[in-house]
Each structure stands twice: as C-alpha cells, then as structure tokens.
Amino acid sequence: DNPSWDDGSLAPIFIRLAWHSSGTYDKATGTGGSNGAGMRFATEAADPENAGLATARAFLEPVKRQFPDISYSDLWILAAYVGIEHTGGPAIAFTPGRTDHADESYWAGMSYGRLPAAEKYLCPHVEGHLGDGMDADGRIAGWEGLCTHVRQEVFNRMGFDDREIVALLCGGHVYGRCHTTASGYAGPWVEHMTQFSNEYATDMIEDDWRLVDHSDTWLDAQGAAELRPAPGNRQYVNKQPGGLDDEPNQMMLPSDMILAWDPSFRAHLERYAADEPQLKADFGAAFKKLTELGCGFGCPFH
C-alpha cells in the first residue's frame with residue numbers, strides 16, 4: 001500500500017514490472033525471461049512497452065539497498081508475488097536463484113517486439129473516423145491478426161496455451177490502469193483495480209463496449225476524460241455518447257477484447273467469469289510459470 005501512487009497501491013506496477021521482465025522469454029532460443037533483470041540497462045528499458053516502469057524499479061531501490069544480497073531479478077519477481085497475495089490473489093511459492101546480467105551483452109540475442117502490442121496488425125485509422133474500420137459487431141478490422149500476434153508471436157513463443165493466456169490476462173489486467181504518458185492508453189480496466197477478482201472477465205462479457213480515440217471529447221462532458229487515449233491510439237470504453245450513468249470509468253484495449261471475439265479464448269473467458277476460485281488457481285500457476293521461464297529451476301516449463 002502506498003497512498004502516493006495511483007490508486008493507493010504499488011501492487012499493480014510491481015506486477016507489470018515482473019510481467020514485462022519475464023515476458024521477453026523465447027522458448028526456441030532460450031533467451032529473455034526474468035533471469036538477468038535486463039531492464040536495468042538502457043536498451044531493454046527503452047522498449048516502448050516498458051514505458052513507465054522506471055517508477056517501479058525506483059520504488060524497489062531502497063529494498064535492494066537494505067538487502068543487497070538479493071538479485072534485482074529475484075527482487076522484482078518477489079515484489080509482484082507479495083503484491084498479488086496482499087491484494088487477495090493467489091499465494092505463489094517463490095523460488096530464488098535468478099542472477100543479474102553484468103552488462104548489456106545479453107541483448108545481442110534479443111530484440112524488441114516480444115511483449116504484446118495493443119493494436120498490432122489492426123487497420124490504420126483516421127482520428128475521428130473509427131466507424132470506417134469496424135464491422136457490424138464493433139470489432140476493428142484486422143482483429144484476427146492482432147489475435148495471432150497475442151497468441152502465437154507472444155504467448156505460444158513462450159510456451160503458453162489458450163487457457164493460460166486467458167488466465168494471465170484476466171488475472172493481470174484486473175490490476176492498475178493505463179496512462180497516456182506511458183502506453184498512450186488511458187484509464188483502469190476494472191472498478192476495483194487494487195484487488196484480485198474475476199471482474200475483468202465478467203465486465204468484458206456483460207458490459208457494452210464502445211471504440212473511442214482521442215477525438216471523442218464527449219467523454220470529458222461525462223466525467224470520463226480519464227478514458228480518452230492519446231492521439232493515434234484506440235481503446236474500448238464502457239460509455240456511450242449522450243449517456244448518463246453511475247458506472248465507474250473503465251476501458252479495454254483492443255488486445256483485451258480479442259478474448260471476447262476469438263471462440264477459443266472466449267470459452268476460457270466465460271469459464272473464469274463464472275468461477276473466480278478457478279481463475280485464482282490458474283492465474284497463480286500461469287504467473288509462476290511466466291516468471292520462472294528460462295531460470296533453470298528444474299521446473300517443467302523450460
């Protein structure tokens with residue numbers, strides 16, 4: 001808990017730090033992953049998907065100074081585990097032993113593009129003309145390509161199946177919010193963004209979602225200016241022009257919405273919307289797997 005940060009909790013940004021430090025793993029080459037804490041160096045830190053995470057690393061520096069024997073790699077993962085458990089999520093058994101890269105030479109086998117991009121392969125759009133690139137169901141043209149990116153280029157590359165992908169997104173995106181100064185997207189996914197729940201899954205299925213961009217200034221008049229993304233970005237919101245409601249301001253990225261659009265993803269999404277204990281168990285297992293990929297702990301994930 002920290003009243004000076006966002007919604008009063010550091011858990012969401014620690015979870016994102018652990019996820020992004022781990023999500024670079026490539027099963028085919030054995031490169032990337034949480035082992036090394038490469039985000040301490042300029043090249044990996046400059047990945048656009050890592051924008052804003054310097055704050056998380058800075059918050060953990062006093063802990064590192066107090067306990068210098070723990071590696072940055074272990075500290076970042078441990079902080080996320082503690083945050084998840086503290087906020088009502090699964091208790092994940094922590095395995096230490098990660099070591100830190102001494103320099104940036106590890107990057108020779110790495111590249112940008114390993115972390116998920118919210119709009120990859122979607123059709124380009126002209127600000128204020130969102131309807132030109134949507135089908136009758138409100139899906140952005142090219143969503144199938146985005147689905148391939150998330151499934152194959154990101155998660156299958158690390159060794160995750162569809163059930164694990166949905167568990168990770170449902171459990172991970174229940175936390176925190178997006179910032180226009182970092183990702184360019186804006187607002188929280190759920191109402192209670194500092195507590196573990198299956199709210200992300202239930203809201204995605206039950207709420208009406210509308211695509212918006214930076215030109216949708218009607219959001220400001222509804223007290224939802226925090227949901228207006230930066231110029232050039234698109235996201236879905238639980239608001240409608242001219243509507244007045246007491247619903248909390250919430251958004252979904254296009255890369256979130258594919259869980260509702262793809263039939264295989266949708267089946268798991270519906271399961272987690274109906275069964276929070278199952279999501280809690282599956283998210284805990286999938287997040288442990290994510291954060292141990294490439295670490296050589298002798299687990300069956302490598």
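Three strands line up as β3-β4-β5 in an open sheet with antiparallel pairing (strands being DSSP E runs of at least two residues, helices H or I runs of at least four, numbered from the N terminus; two strands pair if DSSP finds at least two bridges between them). The edges go to β3 (210–213) and β5 (251–252), each with a single partner strand, so one side of each has no neighbour in the sheet. Between β3 and β4 (residues 234–237) there are four bridges, and V212 has Q235 as its bridge partner in β4. Helix α9 (residues 254–261) sits on this sheet, touching β4 and β5, and its direction makes about 55 degrees with that of β4.

All of this comes from a predicted model, where local features need pLDDT of at least 70 and side-chain atom pairs pLDDT 80 or more, while totals for chains, interfaces and linings use all residues. Residues are numbered from 1 along each chain as its sequence is written, and side-chain values use heavy atoms, with hydrogens and water left out.

As for domains, the assignment (automatic or from a database) gives domain 1 (10–114 + 284–292) and domain 2 (143–281). Their C-alpha centres are 23 Å apart. On the domain 1 side, W19, T87 and K289 supply 29% of the area buried against domain 2, more than any other three residues.

How values were computed
Contact means heavy atoms within 4.5 Å. Axes are lines fitted to C-alpha atoms, for helices over the stretch in contact, and angles run from 0 to 180 degrees between N-to-C directions. Buried area is the accessible area (1.4 Å probe) that two parts lose on being put together, summed over both.
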